[in-house]
Structure formats: structure tokens, C-alpha cells
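Dear colleague,

I am handing over the structure we spoke about, and below it you will find an account of what came out of going through it. Please read the notes with the structure open beside them.

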Amino acid sequence: MTLAGLLVAAQPALAGAAAPVAEPVNAAFEEAATEFEVPRDLLVAVGYGETRLNDHDGLPSHARGFGVMHLVDNPTHRTLRTAADETGLSADELSQNTIANISGGAAVLRAYADEVGLSADQRADLDAWYPVVARYGGAAEDTGARFYADAVYDLLRDGIEAVVDGGETVEVDAQSVDPERGDYADVDLGVLSEDYPPARWVAAHSSNYNTGRTQSINTVVIHVTQGSYAGSISWFQNPSSNVSAHYVIRSSDGEVTQTVRDRDTAWHARSGNAYSIGLEHEGWVDEPSWFTDAMYRSSAALTSHLANRYGIPKNRQHIVGHHEVPGNDHTDPGPHWDWDYYMELIDGDPGDPGDPGLDFPAYSTVSNGSSGPLVVALQHLLNNNGQDAGATDGQFGPTTESAVRGFQSAKGLTADGIVGPKTWTALLSAGSTGTLREGSSGEAVSRLQRALTAALGRSVSIDGSFGPLTTQAVRDYQDDRGLGVDGVVGPLTWAALQAGD
């Protein structure tokens, strides 16, 4: 059956349409392998190494890769465009339809094979495809390229069994491979980390992190890659990615690779970068199968090492998820990460992570359907102000909306359930109203600074110290609201803030 036939047959049955294919994904791999003269098992291994053959409902990975074959569309790696050129299919179809995506992956591999000059006999030899696979990964440096290709050939050596959408099983039998690495043979992957000797060392590109630190290390941040282990390491080597982490942990066996030295500032958690070490875990937040015991134990051993070395308390205030770092909009490690088990493994305190981060450079409008750290902060504030927002889970649903309406009604605001500047100002300023002026300090000043950030629509440094910049922000607010402009926060200024003015 041709690709066109597969695309029709894989759809729900329509009058006059081809009969449905019993195992459309297996058929697609066979058809694409035949059409583009790519070994079928190699094609499966590349896809499995990238995504475990999960299309993630067409959502992009961290590197903007789509579908089971991870066809990529970013500034320096454009396999999605190559696939479109080679197959004649649209980018939308290639990224959203699994059958087309598999064909696109095969087309890219064949195009690369032609560029390196593989003959027909060589194309029939799994081992000859190594430099093609290395290029498919998109690494900017040879170490990342070899790392990626070795991972694919390890899969061929070990075999694959994957249950895909629809329930069919895609398999590759374990087989003997001896890849022809060519120019990659001299690339040394045996270099170990100086900071954590059990880890490999594969450096991120120097444009993706800052040398040195401006704060001491006191936090470990847990991430999920939204992509593969080898692919993530390659992505950190890409100078256009503008992202990195200190360590990456593999799902299957817990292997660890360090990509940024502890003493340097990786770009992984925005406001938390300066004081934290970032640990990326291979997988996707909505797929618990990635979180293996080997991964948990390996990651816990690394976190214990870091905590002991840098004096980081082994509690949930200092070992946190990406979503718990103030000013971030990510959700990882997600609901399937077993925090109790992880903290037990590091011999730490599995208790509550404490109050969520409330300090943000801006308090943007949120409403039903919003998610992330801002919503966590909102739910926490609502619950503290007598409204039942439910669990602080970062998901703005009907319960949170009802709590918002209740708070708005109590404050005389328009009860529309939408949290904009007025509602944020009233929520953030709620609390004691003692007089504050230049020289004051403490949580009341932080509360004031948060409220001014929301009210003025600009960042006011939230440091708990009432200095000249806070004084100016207070004066600006007082002037704009028609209050007496003296830079002192007394009853009238507090009243205006707490009314959402």
C-alpha cells in the first residue's frame, strides 16, 4: 500500500474509502522504509529514541520537534522543512499526522544518506547509516552528534517493544551492530565530570549559560526534558537554544551527563538560575512511564551529593520543581513525579514545599483555563483571604473562578472571575496596614512591593527593603491615584491598594 493509501486507510472509515489498516503504524514504518530505502529497524529506533513513538498529540518538544519522528523546526535544525520538500506533504500534515510523520522521518534520513554518498548496498547495511543518524539528531558539535547516534545503535542492540496509540505493538528484535562511525570514531565520550565523577561530561554551548555565579548555591530544581536524553544534550549544544541545565538523567538506566559546571549559571529556571542547580530528567510530564526507579535512584544520589557539597537543606523548600520557582510558567516535573519517594531516597524531609513563590516581575491577567505558577500564587492568596480556591495545583478551573468572584464581590470589584490589575493589587496588598516609609523592611514591605508591581504595571524590586526606588514607586502610585504624595504608606494609601485602586 502506498503512503497515500495509508493516510486514507488510517482515518476513520468513510463511504468509498480504503479499508482500515489493522496496524497502521507498523504498516507506515514498512512502507516508508521501502519507499526511501531506509532500514525499517533503523527508522523505528530513531523514532523510539526521540519519543518512544508517542506523537504527544502534535505538541512540540523543547526543541520544537513534532511527532513520533521528532521532525524539528527551529532556527538551526529544520528537518520538518526537509521532510516537506522531500515528500511534498505540508508541514501541518507532517507534524500532526503520525503516518505522514513517519514518512517524513524516512525522507530526511534518505536525503542525508544521499548527501554523504551512501550507495544502494550501503543503504541496506544498518552499520553504514551511523553518520546519517548522527546528523539527524541536530547536534551542533561532534560530541553531541556521537552521543545521539550511539543511543540509537544501543536501541538496535538491545531491541525495542513499544505499544503505540491504538494499541498496536511496534517491535525491533535485538541484533548485533558494529556501527561505522567514520569521523566520529575519534570523538571521546569517556570524559567524566569533575564535579560529579559518576557523570559524563558533554559541555553545553558557551552561549547558553553564564560563567560564574552572582549568588551562592542553595537550591536544586527538578525538571523534565519534554524530549529525549540525547536530544536534550544536543539541544544544549545548539547556540540558538538559549537554554541549558547542569545535569541530564536518562530514563532507562539513570545515566547522568553534566553539561554546565556547578560553579556556572545554567539557564533553566529564570529567576532561580543564580542560586540553583538544574537537573533535567528525560521524558514528558504527562507520561509516568519515563520516571523509572533507576532514574529516581540516580537522580536522588546526585541530589544528595549536591546537598552535602553545598550545604543545601534536604527539604521541599530547597529541592523544588521547576513550577515552584517564582517567575516561571512551566509545569514540570508534573503530577506523576513521586516527591515522597524521591525525598525518601535522599533521606530528606518529604513535607510540604511551603508557601508558593509570590514574587513575579509582572502579574499578568489570568482566568479560567490559565495554568502555572501565577495561578498557584493566586490560589494561595485566595485561600489565605477566606475564599475556597481548592488545591493550589496551578490549574484555574471553576473552583478557582468561584473564589475569585467571591473575593471581587467582597472588595467591591467587578465580579467577572478574571484576575487583572485591580484584583491582583487587592489580593497582593491584603494584610496588616501599619505605616511604612523609607528604611522599613520585612514581609509587609515585600507585600507592598508586589502590590505596586501589579498596580503600576511595571516591575518594582521585591526585596523587603523600603529604599529610594520603592519610595519613588509609592510616590508615583499616590500621584496617579490623587493621594497625598509623600512616599509614606499610611492608612489612605493602604486603603486604596486593598480596594484594588
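This is a predicted model: local features need pLDDT of at least 70, side-chain atom pairs count only at pLDDT 80 or more; totals for chains, interfaces and linings use all residues.

The buried residues of α16 are Val445, Ser446, Arg447, Leu448, Gln449, Arg450, Ala451, Leu452, Thr453, Ala454 and Ala455. Since eleven of its 14 residues are buried, α16 is largely enclosed by the rest of the structure. The length of α16, which runs over residues 443-456, also agrees with expectation, because at 1.5 Å a residue its 14 residues should span 20 Å, and the C-alpha atoms at its ends are 20 Å apart. After α16 comes Gly457, which has a positive phi near 70 degrees.

**The chain as a whole**

The protein chain holds 18 helices and twelve strands, and its C-alpha atoms fill a box of roughly 85 × 60 × 40 Å when this is taken along the principal axes. Of its 501 residues, 54% count as buried. Among the contacts in the chain with a separation of 6 or more, 62% are between residues 24 or more positions apart.

**The second largest pocket**

The second largest pocket contains about 480 Å³ of space. It is lined by 22 residues, of which Val243, His268, Glu280, His322 and His330 are the closest to its centre. The elements that contribute two or more residues to this lining are β7 (219-224) and α10 (229-236), and α10 gives the most, with three residues. By class, the lining of the second largest pocket is made up of seven nonpolar, eleven polar and four charged residues.

Glu280, one of the residues closest to the centre of that pocket, lies in strand β11 (residues 276-281). Is Glu280 buried or exposed? With a relative accessible area of 11%, Glu280 is buried, because the cut-off for that class is under 20%. Leaving out residues up to four places away in sequence, Glu280 touches His223, Val224, Thr225, Phe236, Ala245, Tyr247, Val248 and Ile249. For Thr225 there is a further detail, in that its backbone nitrogen lies 3.3 Å from a polar atom of the Glu280 side chain. Glu280 and Gln226 are 54 residues apart in sequence, while their C-alpha atoms are 9.4 Å apart in space.

**The cavities**

There are two cavities of 30 Å³ or more, and the largest cavity has a volume of about 140 Å³. Of the 16 residues that line the largest cavity, Ala63, His70, Gly137, Gly231 and Trp235 are the closest to its centre. Which element gives the most to the lining of the largest cavity? Here the element is α10, with four residues, and α10 is also the element that gives the most to the lining of the second largest pocket. The lining of the largest cavity divides by class into four nonpolar residues, eleven polar residues and one charged residue.

**The loop between α10 and β8**

Asn238 has its place in the loop between α10 and β8 (247-249), and with a relative accessible area of 2% it is buried. The side chain of Asn238 makes a polar contact of 2.4 Å with the side chain of Thr76, and another, of 2.7 Å, with the side chain of Ser240. When neighbours within four places in sequence are set aside, Asn238 is in contact with Asn74, Thr76, Gly138, Ala140, His205 and Asn208. Asn242 lies in the loop between α10 and β8 as well, and although Asn242 is not a glycine, its phi is positive, at about 55 degrees.

**Other backbone details**

Two further places in the backbone are listed here for your attention. Arg270, which is found in the loop between β10 (265-266) and β11, has a phi near 50 degrees, a positive value in a residue other than glycine. The peptide bond from Asp332 to Pro333 is cis, with omega near 10 degrees, and Pro333 is found in the loop between β12 (319-321) and α12 (339-345).

With kind regards

Notes
Residues are numbered from 1 along each chain as its sequence is written. Side-chain values use heavy atoms; hydrogens and water are left out. On a 1 Å grid over the protein atoms alone, a cavity is a set of points where a 1.4 Å probe fits but cannot get out, and a pocket is an open set with protein on both sides within 12 Å along at least five of seven lines; lining residues have an atom within 4 Å of a point. Grid points are joined across faces, edges and corners, and a volume is the space filled by probe spheres set on the points. Ala, Val, Leu, Ile, Met, Phe, Trp, Tyr, Cys and Pro count as nonpolar, Asp, Glu, Lys and Arg as charged, and the others, Gly among them, as polar. The expected span of a helix is 1.5 Å times one less than its number of residues. Buried means under 20% relative accessible area, exposed over 50%, partly exposed in between (1.4 Å probe, protein chains only). A polar contact is a pair of N or O atoms within 3.5 Å; within protein, one must be able to donate a hydrogen and the other to accept it, and residues adjacent in sequence count only if both atoms are side-chain atoms. Contact means heavy atoms within 4.5 Å.
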